[in-house]
Amino acid sequence: GGAGGNGVAGLLAVIRRRIEEARVYPEAARQAGVEGTLEVRFRIAADGAVAAVEILRSSGSPVLDAAGVETIRRAAPYPVVAGWIRLPLAYRLAARP
């Protein structure tokens, strides 16, 4: 539906930025050269805390999956957005320029 204009898009951008800033590559996965992308969905409670988080698609690595869920929780409190928020979390070992 066409609900929510720019406001929600702006809040989602803030939420994504928070998650990016909170994300830490698990040391065990880094040393093992493990990469992957998981897809999560989560709901934000009225106080900005994470009400629920679920993995929709595994990265194939339990370590990365657990780190992704932990990142979602650690990045709170969030601006309050109704409903489920879906997003991918990519863990890539990029050579830094």
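**Core, sheet and a buried glutamate**

Modeller: Start in the middle: the largest nonpolar core has 22 residues, and those touching the most other members are Ile15, Ile19, Phe42, Ile72, Tyr78 and Leu89. This is a predicted model, in which local features need pLDDT of at least 70, side-chain atom pairs count only at pLDDT 80 or more, and totals for chains, interfaces and linings use all residues. Numbering runs from 1 along each chain as its sequence is written, and side-chain values use heavy atoms, leaving out hydrogens and water.

Biologist: What makes a set of residues a nonpolar core? And which elements supply at least two residues of this core?

Modeller: Its members must be buried Ala, Val, Leu, Ile, Met, Phe, Trp, Tyr or Cys, joined through side-chain atoms within 4.5 Å. At least two residues each come from α1 (6–22), β1 (36–44), β2 (50–57), α3 (62–74) and β3 (84–91). Those labels are DSSP runs numbered from the N terminus: helices are H or I with at least four residues, strands E with at least two.

Biologist: What does Leu89 touch, residues up to four places away in sequence not counted?

Modeller: Taking contact as heavy atoms within 4.5 Å, Leu89 reaches Ile19, Arg23, Gly36, Thr37, Leu38, Val40, Gly68 and Ile72.

Biologist: How do you know that β1 and β3 pair?

Modeller: Pairing requires at least two DSSP bridges between two strands, and β1 and β3 have eight, in the antiparallel sense. Phe42 stands opposite Ile85 of β3. The whole open sheet is ordered β2-β1-β3, with antiparallel pairing.

Biologist: Why are β2 and β3 called edge strands?

Modeller: Each of β2 and β3 pairs on one side only. On average, neighbouring strands of this sheet are turned by 30° against each other, direction ignored.

Biologist: And what does α3 lie across?

Modeller: α3 lies across β1, β2 and β3, at about 150° to β2. Axes here are lines fitted to C-alpha atoms, for helices over the stretch in contact, and angles between N-to-C directions run from 0 to 180 degrees.

Biologist: How do you know that the span of α3 agrees with its 13 residues?

Modeller: The expected span is 1.5 Å times one less than the number of residues. For α3 that gives 18 Å, and its end C-alpha atoms are 18 Å apart, so the two agree.

Biologist: Why does Glu39 count as buried?

Modeller: Buried means under 20% relative accessible area, exposed over 50%, and partly exposed in between, using a 1.4 Å probe and protein chains only. Glu39 has 14% relative accessibility, so it counts as buried. Glu39 belongs to strand β1.

Biologist: Which side chains make a polar contact with the side chain of Glu39?

Modeller: Arg57, at 2.7 Å, and Arg86, also at 2.7 Å. A polar contact needs N or O atoms within 3.5 Å; within protein, one must be able to donate a hydrogen and the other to accept it, and sequence-adjacent residues count only if both atoms are side-chain atoms. Both pairs pass on distance.

Biologist: What makes Ile44 buried?

Modeller: The relative accessible area of Ile44 is 10%, so it is buried. Ile44 is in strand β1, and its C-alpha atom is 6.5 Å from that of Val81, 37 residues apart along the chain. Beyond its neighbours within four places in sequence, Ile44 contacts residues including Ile15, Tyr78, Val81 and Ile85.
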